Amino acid sequence: MKTRRARSENEPMRAQVTHLQIGSYDNLGFNYESKADGSRSLSMESAPMALPMSDPNAWATAMNNLRMAPLGIAGQPMLPDFDPALGMMTGIPPITPIMPGLGIVPPPIPPDMPVAKEIIHCKSCTLFPPNPNLPPPATRERPPGCKTVFVGGLPENGTEQIIVEVFEQCGDIIAIRKSKKNFCHIRFAEEFMVDKALYLSGYRIRLGSSTDKKDTGRLHVDFAQARDDLYEWECKQRMLAREERHRRRMEEERFRPPSPPPVVHYSDHECSIVAEKLKDDSKFSEAVQTLLTWIERGEVNRRSANNFYSMIQSANSHIRRLVNEKAAHEKGMEEAKEKFKQALAGILVQFEQIVAVYHSASKQKAWDHFTKAQRKNISVWCKQAEEIRNIHNDELMGIRREEEMEMSDEEIEDPNDPKENDDSALVSQTEALKEENDSLRWQVDAYRNEVELLKQEQGKMSRDEDVTKEQQLKLLQQALQGMQQHLLKLQDEYQRKETELDKVKDEKMQLEKLLENLQEQECRVSRICVSNQENDPLERTPTCTPVKSEREALLVGIISTFLHVHPFGASIEYICSYLQRLDTKICTSEVETLMSRLQCTFKQEMTGVGASLEKRWKFCGFDGLKMT
């Protein structure tokens, strides 16, 4: 009865605590919807908090006790002078509930600072955050255009519906490829949704309220490389490149100068229109361009020569107009020069007056009454004014010198003007003769140009032939020079080889002479020795015995016995192997030196042929005894 009563008393408390927990999650930005079966689901939109907040200070105190920053409903700080280090964990910043769907998005914080994540409740499962003090989960390098993520660590009993329920809050899911080994690949519609899915990496997932191992797992979300993502990214890059090329082309076309208008083909009708335009001053430039194009195209022939001559004559009639216009412009330029010269002279006069003022102020009568700063300013102003005056004066003098030079050139070039003839008939006749003379001169110039072109072509042909011949001669000369240099090198080498051969021959002769001398000396020494042995056989005393110790005498006896048994001799290795059976301390060099000292007892001979050539020691004691 006591336990039932305690349970009945604790049930309202549990309901109240549950209400407080749900209210805290609602305040963080989650929007739970009630279903018909009494369950609660997490919607994509955040709803305003229904609880009134009459006392902001109490609300801030409650959030501070929960180790959270005192934020309002919209995420703004309620207390501007709040110190986060007083009521929150060190190194963990506050979480702002802004992310749609998940309800949690970390604020822009430094990357080395850990982020405190909250529990996420779904319809069929619950996601528990990882330890904020642990390092963030490792991820691979992000592939270009990545829209697919790899999700590992899924529960064994996890279904595709649960995966959709967890990850559809990150964005629109296009496809899911689930494997039997507790992992899957999810492809989203946009790239930014992958960043939202990576936020869930490290969360522990639990299906319902079960604690079975098959219903739990630790999510690992990472970038995945998919061909579809790479293909879409490449298509997008190509589209951007095409747009960039189109934009550059448009910019180039915008800055490109406009092409000249097309010129119509020659006809009698167009010829009459162009002839009328040539007579009009306003349309003269356009008509002259058309006439020039027709002539360059080769439209002039016998039938159209008269028409072209009339158009050329009309163009010639504008020369007088252009000369008059030029004279008018020159006159205007002279007037402008005169005005400029007068204005410059007036400016110079004013400069002279200003400089005179400065000079008068610099005299002692007025200079003593100015302060030091005023005197400095007056002196600086005077220098500046003098410099400017000198510059303008030089400019004016240059203009006058140019005018004087032009006047002198005109006097030299222009002779006395002829008297004007008032007779109009003579003027017209002279103009006609001038025109005929000009036409004949143009024809002569045309013939002369043709002759010069022909000469130039012939000259080019002859020049090309000369150039080819010169090139061939140069190549032959270069080849001969190369051959000559090669021959000289060969001669030098031949002479060097001859000198070396002579040196070798001389050295050979010297060696042969030395060899002969050595042989002669050896013969003499041997004769002297033989004569000494014959003359004094008894006087020789064993001053120097080859056997120095008793051990060597024993070795001599054993070796003599061994070689007496082997009449064809034995190698030094064979002898040493036999002796080492008796005494292991015996070495080959010791035996060989002992035998070489006893030349009358042992002798060394070469036996065998070719590769089987071998040095053998033989016992010659009996022969040595006879000789001694």
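**Figure 1. Phe-188 is buried, with a relative accessible area of 0%.** Buried means under 20% relative accessible area, exposed means over 50%, and partly exposed lies in between (1.4 Å probe, protein chains only). You are looking at a predicted model, where local features need pLDDT of at least 70, side-chain atom pairs count only at pLDDT 80 or more, and totals for chains, interfaces and linings use all residues. Residues are numbered from 1 along each chain as its sequence is written, and side-chain values use heavy atoms, leaving out hydrogens and water. Phe-188 sits in strand β7; helices (H or I, at least four residues) and strands (E, at least two) are DSSP runs, numbered from the N terminus. Leaving aside residues up to four places away in sequence, Phe-188 touches Lys-147, Val-149, Phe-167, Cys-170, Gly-171, Asp-172, Ile-173, Ile-174, Met-193, Val-194 and Ala-197. Contact here means heavy atoms within 4.5 Å.

**Figure 2. Gln-169 lies in the loop between α4 (160-167) and β6 (173-178).** Look for the backbone oxygen of Glu-165, which lies 3.3 Å from a polar atom of the Gln-169 side chain. A polar contact is a pair of N or O atoms within 3.5 Å; within protein, one must be able to donate a hydrogen and the other to accept it, and residues adjacent in sequence count only if both atoms are side-chain atoms.

**Figure 3. Asn-182 has a positive phi of about 65°, although it is not a glycine.** You can find Asn-182 in the loop between β6 and β7 (183-188). With 25% relative accessibility, Asn-182 counts as partly exposed.

**Figure 4. Glu-244 makes a side-chain polar contact with Arg-247.** Glu-244 belongs to helix α6, residues 227-255. The contact joins the side chains of Glu-244 and Arg-247 at 2.3 Å. Glu-244 has a relative accessible area of 28%, so Glu-244 is partly exposed.

**Figure 5. Thr-290 is a residue of helix α8 (residues 284-297).** Thr-290 counts as buried, at 14% relative accessibility. Which residues does Thr-290 touch, not counting residues up to four places away in sequence? Its partners are Val-263 and Val-274.

**Figure 6. Helix α7 (residues 268-279) packs against helix α9 (residues 305-316).** Two packed helices are described by the angle between their axes and the distance between the axes. Axes are lines fitted to C-alpha atoms, for helices over the stretch in contact, and angles run from 0 to 180 degrees between N-to-C directions. For α7 and α9, the angle is about 15° and the axes are 9 Å apart. That makes α7 roughly parallel to α9; angles under 35 degrees count as roughly parallel, over 145 as roughly antiparallel, 65 to 115 as roughly perpendicular and the rest as oblique. α7 passes α9 in a left-handed crossing, where the near helix is turned anticlockwise from the far one by less than a right angle, while clockwise would be right-handed. In α7, the contact residues are Asp-268, Cys-271, Val-274, Ala-275 and Leu-278, and those of α9 are Asn-307, Met-311 and Ser-314. By class, this contact has 5 nonpolar, 2 polar and 1 charged residues. Ala, Val, Leu, Ile, Met, Phe, Trp, Tyr, Cys and Pro count as nonpolar, Asp, Glu, Lys and Arg as charged, and the others, Gly among them, as polar.

**Figure 7. Helix α14 (residues 550-565) packs against helix α15 (residues 572-582).** The angle between α14 and α15 is about 125°, and their axes are 11 Å apart. That makes α14 oblique to α15. The crossing of α14 past α15 is right-handed. From α14, Leu-555, Ile-558, Ile-559, Phe-562 and Leu-563 meet Tyr-574, Ile-575, Tyr-578, Leu-579 and Leu-582 of α15. The residues of this contact divide into 10 nonpolar, no polar and no charged.

**Figure 8. The whole protein has 17 helices and 12 strands.** Of its 628 residues, 22% are buried. Among contacts with a separation of 6 or more, 55% come from residues 24 or more positions apart.
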